[in-house]
Amino acid sequence: MKKIFLPILLSLAVISCKKENTDDTLADLIAKKDVKGLQAYRDQQQKRVDSINALIENVDQNLSTFGVNQTQGFVSILPLELTNFAHYIELQGNVTTDQDVAVQPQMPGTLTLYVRQGQYVGAGQVIGRVADGGLADQLKQAQIQVSAVNAQLQQVKSASELAKITYEKQASLWKQKIGSEIQFLQAKTNYESSVKQVSAVQSQVAATQKAADAVAATLSKTAIRAPFSGVIDEVMQQTGQVVSPGMPIVKLINLTAMRVEAKVPETYLSNVKAGTSVIVDFPMLKKTINSRVRLTSNFINPANRTFTIQVPIANQGGIIKPNLLAKVKIEDYFNPNAIVVPSQYIYEDAAYKAFVFVAKNVNGNQGVAKKVFITKGEKSENSIEIKSGLNKGDILITDGSKTLVDGQKIKIQ
C-alpha cells in the first residue's frame, strides 16, 4: 500500500508547493500591474491546462480500450437548425451633415441681426439685414414713376381707341362716297399717330419698370436669408458691426439631414454598393440605427486604398451631432440557410483541424459524444458559419464539451 500511495502523496506535495508558488507569482504580477507578465503567465497556465486535458484524454481512451466506460458529468446540448447568418465589415465612421453652412451677406453695410444662437429658422427666413443706404427711398421713387407712366399709358391707349373708332367710321363713309377725303386722311393720320404714341409710352413703362426692378433686386440683397431650415449653431457677427460679402454672419446647421461617412478597403468593392445594409452604432449615445448605403464614391484613395461610403441616418430629437464618432457594420455576406455554431464550442487538434462534439445515440438524458471535423465559413461576432461537417438536426454539445473524448458517454441536462 505504501508503494501505491507514496508517489501520490509526493505528487500532491509538489502540486501544493507549485500552487503556492503560482499564487505568489500571480499576486506579485497583479501588484506590479505587469500586463505583459500577466499575459505570459496566462499563456503558461493555458499550456498546463492543455497538457492536463491531453493527459486525461489519453487516460480515458486507454480506459475505454480496457472496457471501462467513462461517463462525463452533465453537459448541455443545442439542436442545430438552419438560420440566417450575416457577416459584417466593422469600420469607424464620422457623422456629418448635408447642410452645414456659414451664412454671408450679399451687400456691404451695417448689420442688424434678428436671430440668436440655438434658434430654429425656416428656409427663406430673414435672419438679418444690412443698411440699405437709401435704396428703400430710391425704390419708392421708382415705383411712383412706374405708376405715373402706367397712368399715362392708359390715357394714350384710351385716346388711341377713340382715334381707331373715328378712323374706322371715316373709312366706312369714304367707301360710300360720304364725306370728304380730307376728313378720312385726317382720321387715318390721327389713328396711326396714336398707335405710335402707345408704343412709345409702353417702351417708357418697360424701361421705368426695369429700373425699379433693378433697385428692388439690389434692395433685396440687403436681406440675409436662411438658405434652408435649421438651427443657428454659432453667431459670428453682432448687430451694429459693418459687414461685407464673404464675411460669415452665422453658422446654420440642419440636424435632420445627417449622414455617416466611412472609408472601406478596396477589397470589399464588389460587396459594398448602394443599398447594402448597414448597422450604425454610436457608443457615446448608446444608440444603434439600421440604415443602408446611399452612395459609394467612384474614387479609390491611392494613399490608403479605400473608397468612401455615405449612410443616411435619422436624427430624431437632434441628439446626433456632426463629427460624432460611429461604428459602422456593413453587411457584406448573407446566408439564409446556414448552420451556425457558437465559436467557444469549436476546437482544434494538433494539426489545427477544427472539430466539435455532437451527441449521438441519445436516449433520455444519456448519449455518446462524437468528435466531428468541420469546415468553418465566415465569422460574425461570437458565431461561426459551418460550411461542412454538420447538418440540420445534429445535436451540438455545448457546455461541458471541452474535456470530452470521442466515444465518451455523456449525461445531458
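These legends accompany close-up views of a predicted model.

Figure 1. The chain has 413 residues, and 30% of them count as buried. Its accessible surface comes to about 25,500 Å². Carbon and sulfur atoms account for 53% of that surface. Among contacts between residues at least 6 apart, 73% join residues at least 24 apart.

**Figure 2. Helices H3 and H4 packed against each other.** H3 covers residues 135-175, and H4 covers residues 181-220. Their axes lie 7 Å apart. The angle between the two helices is about 160°. Angles over 145 degrees count as roughly antiparallel, so H3 and H4 are roughly antiparallel to each other. The crossing of H3 past H4 is left-handed.

**Figure 3. Thr-208, a buried residue of helix H4.** Thr-208 sits in H4. Its relative accessible area is 9%. Buried means under 20%, so Thr-208 falls in that class. A polar atom of its side chain lies 2.7 Å from the backbone oxygen of Gln-204. Beyond residues up to four places away in sequence, Thr-208 touches Ala-142, Gln-145, Val-146 and Val-149.

**Figure 4. Lys-177, in the loop between H3 and H4.** The relative accessible area of Lys-177 is 69%. Exposed means over 50%, so Lys-177 counts as exposed. Its backbone also deserves a look. Most residues other than glycine have a negative phi. Lys-177 is not a glycine, yet its phi is positive, at about 65°.

Figure 5. Asp-132 is partly exposed, at 29% relative accessibility. A polar atom of the Asp-132 side chain lies 2.8 Å from the backbone nitrogen of Gly-134. Contacts reach further along the chain too. With neighbours within four places left aside, Asp-132 is in contact with Leu-219 and Thr-222. Gly-109 is 23 residues away from Asp-132 in sequence. In space, the C-alpha atoms of Asp-132 and Gly-109 are 7.3 Å apart.

**Figure 6. Thr-276, in the loop between strands S12 and S13.** S12 runs over residues 258-265, and S13 over 277-282. Thr-276 is buried, with a relative accessible area of 9%. Its side chain reaches the backbone oxygen of Lys-273 at 2.8 Å. Leaving out residues up to four places away in sequence, the residues that Thr-276 touches include Asn-271, Ser-291, Arg-292 and Val-293. Ile-330 and Glu-331 are also among them.

**Figure 7. Lys-286, in the loop between strands S13 and S14.** S14 covers residues 287-292. Lys-286 is exposed, with a relative accessible area of 81%. Its phi is near 55°. That is a positive value in a residue other than glycine.

**Figure 8. Val-340, a buried residue of strand S17.** S17 takes in residues 325-342. The relative accessibility of Val-340 is 18%. The cut-off for buried is under 20%, so Val-340 counts as buried. Ser-383 is 43 residues away from Val-340 along the chain. The C-alpha atoms of the pair are separated by 6.4 Å. Ser-383 is also one of the residues that Val-340 touches. Ile-384, Leu-80, Thr-83 and Phe-85 are others, with residues up to four places away in sequence not counted.

**Figure 9. Val-358, a buried residue of strand S19.** S19 consists of residues 354-363. Val-358 has a relative accessibility of 2%, and so counts as buried. Ile-397 is 39 residues away from Val-358 in sequence. Their C-alpha atoms are 5.2 Å apart in space. Val-358 and Ile-397 are in contact. Other contacts of Val-358, leaving aside neighbours within four places, include Val-368, Ala-369, Lys-370 and Val-372. Leu-390, Ile-395 and Leu-396 also make contact with Val-358.

Conventions:
Residues are numbered from 1 along each chain as its sequence is written. This is a predicted model: local features need pLDDT of at least 70, side-chain atom pairs count only at pLDDT 80 or more; totals for chains, interfaces and linings use all residues. Side-chain values use heavy atoms; hydrogens and water are left out. Helices (H or I, at least four residues) and strands (E, at least two) are DSSP runs, numbered from the N terminus. Buried means under 20% relative accessible area, exposed over 50%, partly exposed in between (1.4 Å probe, protein chains only). Contact means heavy atoms within 4.5 Å. A polar contact is a pair of N or O atoms within 3.5 Å; within protein, one must be able to donate a hydrogen and the other to accept it, and residues adjacent in sequence count only if both atoms are side-chain atoms. Accessible areas come from the Shrake-Rupley method with a 1.4 Å probe; for residues, only the protein chains shown count as cover. Axes are lines fitted to C-alpha atoms, for helices over the stretch in contact, and angles run from 0 to 180 degrees between N-to-C directions. Angles under 35 degrees count as roughly parallel, over 145 as roughly antiparallel, 65 to 115 as roughly perpendicular and the rest as oblique. A crossing is left-handed if the near helix is turned anticlockwise from the far one by less than a right angle, and right-handed if clockwise.
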